[in-house]
Amino acid sequence: IYIDTEGTFRPDRVRQIAEAKGVAAEAAMDNIVCARCYTSEHLEQLLVEAAGLMVNDEDRFALLIVDSIMGGFRVDYSGRGELADRQQKLARVMNKLQKVSEEFNVAVVLSNQVMADPGAGCAFMPSFPKPVGGHILAHFSTTRVMLRKGRGEQRIAKIYDSPCLPESESIFEIFAGGVRNGGD
């Protein structure tokens, strides 16, 4: 299940990767349930609907993606005055995601943006970006991976918080056939 808050899901890209892997494009698309999400309230409704789909066909689903977890919250809440309400609602959504994951044995992958933290650095030290969503996302997430651009077409995935994996980096490339190791 793919919940798209950013409007970035590309069926043509799925078809392209499927064909490169020798999988029928329409068979690949038939294995994806995609829903466009517009607000945080809509996200909560979609999670209830996703759980309903999983109840009816438990063996079909192995992955739930929310791209991007904070997308709907940015629409509904703005400024520091609404921060407490946003964080409480985010905690409820994260709790629902955790319950869906545990009840239906599905992996949950969330994408998120980062923001500059101008107060974190000083004149001589750069400030590193931090994830939008604060401690709520950090506490509900099991493993956190930061993606960044590398040289040319390369990207770098860095595990920076995990209870079972050491902090490490891996270089990869996105190409017409999908994703490959950066050295290939």
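What share of contacts in the protein chain between residues at least 6 apart in sequence join residues at least 24 apart? The share is 53%. This is a predicted model, and its confidence comes before its details.

**Confidence**

The mean pLDDT of the protein chain is 91. Of its residues, 93% reach 70 or more. Strand β1 (residues 2-4) has the highest confidence, with a mean of 98. Strand β6 (residues 130-131) has the lowest, at 81. Where pLDDT is low, predicted coordinates should not be read in detail.

**Overall build**

The protein chain has 184 residues, and 30% of them count as buried. Its secondary structure consists of 6 helices and 10 strands. The C-alpha trace spans about 55 × 40 × 30 Å along its principal axes.

**The nonpolar core**

The largest nonpolar core holds 26 residues. Which residues have the most contacts inside it? They are I3, L43, I69 and L97. Three elements, α3 (40-56), β3 (63-67) and α5 (83-104), each supply at least two residues of this core.

L43 shows how such contacts reach across the sequence. Leaving aside neighbours within four places, L43 touches I3, C37, V66, I69, F73 and V93. Two of these partners, I3 and I69, are also on the list of residues with the most contacts inside the core.

**Aromatic rings**

The model has 2 aromatic pairs. They are set out below.

| Pair | Centre to centre | Angle between planes | Class |
|---|---|---|---|
| Y2 and F9 | 4.9 Å | 50° | tilted |
| F73 and Y77 | 6.4 Å | 20° | stacked |

Why is the Y2 and F9 pair tilted? Its planes meet at 50°, so the pair is neither stacked, which needs under 30 degrees, nor edge-to-face, which needs over 60.

Are Y2 and F9 buried or exposed? Y2 has a relative accessible area of 14%, so it is buried under the 20% cut-off. F9, at 15%, also counts as buried.

In the other pair, F73 is buried, with a relative accessible area of 1%. F73 is also one of the contacts of L43.

The charged end of R180 sits over the ring of F175, at 4.1 Å from the ring centre.

Conventions. Residues numbered from 1 in each chain as written. Predicted model: local features only at pLDDT ≥ 70, side-chain atom pairs only at ≥ 80, totals over all residues. Heavy atoms only, no water. Phe/Tyr/Trp six-rings, centres within 6.5 Å; stacked < 30°, edge-to-face > 60°. Buried < 20%, exposed > 50% of the residue type's maximum accessible area, 1.4 Å probe, protein only. Lys NZ or Arg CZ within 6 Å of the ring centre and 35° of its normal. Core = buried A, V, L, I, M, F, W, Y, C linked by side-chain atoms within 4.5 Å. Helix = DSSP H or I, 4+ residues; strand = E, 2+ residues; numbered from the N terminus. Contact = heavy atoms within 4.5 Å. pLDDT = per-residue confidence, 0-100.
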